[in-house]
Amino acid sequence: MNTYRQSFFIAVVVLLFFFGLSELNIAQVNYNQRDDKYRLLGLKRAKELFEVARKEFDRSKELYNKKLISETEYDRAKGVFSDAEVNYQQSLLAVLFEAQFVSVEQAVKYQTKDGVKHIRLKLANTSGDTEEFRKLINIEDELFRSLQPDVIHNVYVSISNNENSIISQPYEAKINELKYGQPQTIDFKLLQDLDAVMVNIIYGNGASRSMKIYLQKDQSQNIVVVQSQQFSQEGELGKTATYDLTLELFSGVSNTFSLEVVNLPQQINRYFRDPSSSARLSQFKFMENVNTRSAALDISLPDRPSDEIKMDKAISFYVLVIPYERAGELKGLHSKQWTHEEIEKLNVGYVKLELVPRGKGRLLVKAPQLFYSVKSNEKVVASIELVNEGTRRLDNVEVKLDVPLNWLKNVSPAIIKSLEIGEEKRIELEVTPPDDIAVGRYEMRIRTTSLSDNQPVTADDKTITIEIQSEANVFGTILVVLLILGIITGIVIFGIKLSRK
C-alpha cells in the first residue's frame, strides 16, 4: 500500500513538474514586443515568469535530490530559471534607468563682494515621484534593493549659453549620489553674465537632458548691482562723456531706487538719463518681472582745466543706487570725499568709475586783410594772428606760404615753439613779385601745422589775393598835357585874331 502511495505521489509530482515546465515554456514564448515600450508592464511580466521559474526550479531540485528526475531534467529547469532571472534583472534595470529624472528646483543668481556672479543650482531626484514607481520601491527584492532605485548615481551638470559654450566654473560638476527626497546644491561661478542659461544634465547611463532656465535673482541681498563696460574713459574738456550702466535687481523688498554720484568735482555737470527715451532720471523703478534695466550717465567737462580738474589726471568717483526708503538717511552725500571702505559700509549698490580729462589744441588763423593791390615793383607786407582756441597747448606751430613761381617770401617767425590755451601770436608775411611780373591778380595760400598731445592739428587755409597794377608813364603824361595846353592856346589865339578882323 505504501509502495502504491509512494508511486502515486511520484507520478503526481512528475506530472506537475512537466506541467510546470510546459506552463513556463508557454510563458517564455508569450513574449510581448510592447514590453520594450512599456517597460514597467514588461517588468511585471518578467517578475511573474521569474517567480514561476524559481518555484519550478525549487521543485525540480527537490525531486532531483530524491532521484525522482534525471540530471538532464534538473539542468533544464535550472536553465529556465536562470533565463527568467536574467530577463527579470534586465527588465528591472531598464525600468530603473528609464525612470531616472533630475529636476532643477532652484537656479539663483547672486553676486559676491568681489563682484563675481555665481549661480546656486538646487537639483532633486524626482525619479520616485510617481505612483507606479513608488509601488516598485515596495518590491521586496534583494536585487532591487541593491540597485538603490531611489538613488541616481553619477550625475554630471554643466552650464552653457545659447551657443552651447560652457560658461561656468567648474566647467562640469559631478554628483556621486542623488537620493530621492534629498536635493543637493551646486555652486557655479559664471564666466559670462547672462539672465538665462542652459542647464545640461548627463546621467550615469549616458542619457542627457538640457533645459533653458531664466535665473532667479537672490532677493536676500536687497541691492541693485551696477555695472559699466566703459568704467574708465577719457573726456575732452568742453565735451560730454557717457557711461552706460546696467542695473540688476537683487531684492525682494524694494523696487524703487535713486541714483547718486559722489566724489566728482562740482565743476563737472552730471545727470542720469534713460538710454531709450533720453529722459533725465533721478529715480527709477523696476517693473514686475523685470530685474534688469539700463541707464546712462552723462558727464560734461568745463572748457578749461582747474585745480580740481587737472589735465591727464584721473578722477575716480562712484555711482550709488540707493533704495527709496533709505534716501532720507543718506542725505548730504556730496559734502565729503568718500573712501571705498565707507562706500562698502553703506550697503548699497555702487560702481566705481574713472574719468581722465583730456584736452586738444585748436588752431585758428585770423587774417584782417585778404586782398592787396600793389605796383609791379612793390612788395606785399601782410600780417596774420594765430590763436589757440583749444583746451590744450599747441607745439611746433609752423606757418607756410605757397606763392606763385619766382616770387620771394618771408615769414617771421616761421615756427612758434608753443602756443598756450587762449594765447595769440602775430606773424608777419612779406612777398615780393619778380621784376618781370605781368599785370593781373595772383593768389598765395597760407597753411599752418602744429601738434597737440603728439596729435597733428591744422587750421583752415587762408588765401590772399594780390593785384599787380601797371606803372604810371610820367613823361608821356606831361607830353599829353602840354600838347593839350598847346592846342587850347592855339585855338584861343586863333579866335582872338579872327575877332579883330
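## Exercises on salt bridges

The side chains of Glu424 and Lys366 meet in a salt bridge, with 3.9 Å from N to O, where a salt bridge is a side-chain nitrogen of Lys or Arg within 4 Å of a carboxyl oxygen of Asp or Glu. The model is predicted, so that local features need pLDDT of at least 70 and side-chain atom pairs count only at pLDDT 80 or more, while totals for chains, interfaces and linings use all residues. Residues are numbered from 1 along each chain as its sequence is written, and side-chain values use heavy atoms, with hydrogens and water left out.

**Exercise 1.** Find which strands hold Glu424 and Lys366, and state what the pair ties together.

*Solution.* Begin with the elements: Glu424 lies in strand β26 (residues 424-432) and Lys366 in strand β20 (residues 363-366), so the pair ties together parts that are 58 residues apart in sequence. Strands (E, at least two residues) and helices (H or I, at least four) are DSSP runs, numbered from the N terminus. Next, consider accessibility: Glu424 is partly exposed at 43% relative accessibility, and Lys366 is partly exposed at 37%. Here buried means under 20% relative accessible area, exposed means over 50%, and partly exposed is in between, with a 1.4 Å probe and protein chains only.

**Exercise 2.** Determine which residue forms a salt bridge with Arg426, and how far apart the closest N and O atoms are.

*Solution.* The partner of Arg426 is Glu385, and the closest N and O atoms of this salt bridge are 3.1 Å apart. Arg426 lies in strand β26 and Glu385 in strand β22 (residues 380-388), so this pair ties together parts that are 41 residues apart in sequence.

**Exercise 3.** Work out where Lys47 and Glu51 lie, and how many residues apart they are.

*Solution.* Both Lys47 and Glu51 lie in helix α2, and they are four residues apart, which is about one turn of the helix. Their side chains meet in a salt bridge of 3.9 Å, N to O. Lys47 is partly exposed at 27% relative accessibility, and Glu51 is partly exposed with a relative accessible area of 22%.
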